[in-house]
Amino acid sequence: MKITVCGSTGRMGRAILAIAKSDENVKIAGALEYDGSRAIGTGDPVVSSVGDLEKFLSETDALIDFTNPESALRNLEAAGKYKVPIVIGTTGFNEEQKKKIAEISKSIPVVFSPNMSVGVNILFKLVDAVAKKIPDYDIEIVELHHNKKKDSPSGTAAKLAEIAAASVGKNINDVSVYGRYSADAVRRKDEIGLHSVRAGDIVGDHTVYFAGPGERIELTHRAHSRDTFAAGAIRAAKWAVRRKPGLYDMSDVLSLK
Ligand SMILES: NC(=O)C1=CN([C@@H]2O[C@H](COP(=O)(O)OP(=O)(O)OC[C@H]3O[C@@H](n4cnc5c(N)ncnc54)[C@H](OP(=O)(O)O)[C@@H]3O)[C@@H](O)[C@H]2O)C=CC1
Ligand SMILES: O=C(O)C1=N[C@H](C(=O)O)C[C@H](O)C1
């Protein structure tokens, strides 16, 4: 399978290329960076401009994107034009951008997930199960990431909150609270709080708290290495090339549904 990676010199792009190089079933068709990046023309494989994406797509079985929401949408449109399946690991999309992703997935397979690790996708299931059993317990989510991360809360924390809210019969837009900085920050009963820590080189930790009278449950996932996300992205790409057009996530890839 031939893959092209957008955001190839980023933290995730480098991890994906390293894993792809050690997989005899994967060939790297393209390693792309934004037009004007100092990385262009350097590296092994040589980094090319995303401006040439269409040229690479004709030789690509699956595109993998770990960039930012704006460039991911441009790359998705090109993938749609060339009918190339795409794996989107990028996070931080707004509702309108998510609608665009859903629209283009009518013509190509799109695997779109804020977290490609096996463990976090199991955590999604655990949170749903626990929330349904104890819907009256207070739910709070804390995520920790490295000090270079742009979006907050993490895409994973946002998804955990969405799942927890739906599991107790709420819409996350009605109950989410981001941090608490106020002289009047007393918790409302149905709030779901999301809190972000940015420090050092933390790869990514997520904890969901369920707190009730005299006790609490903490469900925590800690990523030790970006390899877990990178391996998941490559697994998703291999899976996507055998699928019909549609919007999929890692629970489809991992058969967790
Ligand atoms: N789904 C998952 O499992 C995971 C998702 N992520 C998400 O992936 C995204 C990337 O994370 P990370 O690798 O840490 O971030 P980085 O900033 O390290 O990497 C992003 C890369 O994309 C490059 N880039 C920017 N614009 C373009 C463009 N138009 N075309 C091609 N490349 C471009 C950046 O270049 P430059 O730095 O020069 O701007 C950079 O090299 C984030 O949204 C993050 O939240 C991260 C880990 C796991
Ligand atoms: O930016 C990161 O690093 C990560 N981003 C993803 C997110 O926003 O959820 C996944 C992972 O936690 C690492």
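Trainee: So where is Arg38 placed?

Mentor: Arg38 is in the loop between strand S2 (27–33) and strand S3 (47–49). Helices (H or I, at least four residues) and strands (E, at least two) are DSSP runs, numbered from the N terminus. Keep in mind that this is a predicted model: local features need pLDDT of at least 70, side-chain atom pairs count only at pLDDT 80 or more, and totals for chains, interfaces and linings use all residues. Residues are numbered from 1 along each chain as its sequence is written, while chains are lettered from A and ligands numbered from 1 in the order in which they are written.

Trainee: Which UniProt annotation covers Arg38?

Mentor: "Binding site", from an unreviewed entry. UniProt positions are given in the numbering used here, feature names are shortened, and annotations may be inferred rather than shown by experiment.

Trainee: Is Arg38 buried or exposed?

Mentor: Exposed, because Arg38 has 9 other C-beta atoms within 10 Å. The cut-offs: buried is 20 or more other C-beta atoms within 10 Å of a residue's own, exposed is 12 or fewer, partly exposed is in between, and C-beta atoms are placed from the backbone.

Trainee: Where does UniProt put the "active site"?

Mentor: At His145 and Lys149, again from an unreviewed entry. His145 is in strand S7 (residues 138–145). Lys149 is in the loop between S7 and helix H6 (155–167).

Trainee: And His145, buried or exposed?

Mentor: His145 is buried, since 25 other C-beta atoms lie within 10 Å. Lys149 is partly exposed, with 17.

Trainee: What is His145 in contact with?

Mentor: Ser154, Arg198, Ile202 and Gly204, leaving aside neighbours within four places in sequence. Contact means that the two C-beta atoms, placed from the backbone, lie within 7 Å.

Trainee: New topic. Where does Ile192 lie?

Mentor: In strand S9 (residues 192–198). Ile192 has 22 C-beta neighbours inside 10 Å, so it counts as buried. Its contacts beyond four places in sequence include Ile139, Ile141, Ala161 and Ile172.

Trainee: How far apart are Ile192 and Asp138?

Mentor: They are 54 residues apart in sequence and 7.4 Å apart in space, C-alpha to C-alpha.

Trainee: You mentioned Ile172. Where is Ile172 found?

Mentor: In helix H7 (residues 172–175). Ile172 is partly exposed, with 17 C-beta neighbours inside 10 Å. Ile172 touches Ala161, Glu162, Ala165 and Ile192, not counting residues up to four places away in sequence.

Trainee: On to helix packing. How do the axes of H3 and H4 cross?

Mentor: The axes of H3 (residues 69–82) and H4 (residues 95–104) come within 10 Å and cross at roughly 15°. That makes H3 roughly parallel to H4. Angles under 35 degrees count as roughly parallel, over 145 as roughly antiparallel, 65 to 115 as roughly perpendicular and the rest as oblique. Axes are lines fitted to C-alpha atoms, for helices over the stretch in contact, and angles run from 0 to 180 degrees between N-to-C directions.

Trainee: Which residues make that contact?

Mentor: Pro69, Leu73, Leu76, Glu77 and Gly80 of H3, with Gln97, Lys100, Ile101 and Ile104 of H4.

Trainee: And what about the axes of H1 and H8?

Mentor: The axes of H1 (residues 11–21) and H8 (residues 227–240) come within 9 Å and cross at roughly 65°. Residues meeting there include Ile16 and Ile19 in H1 and Phe229 and Ile234 in H8.
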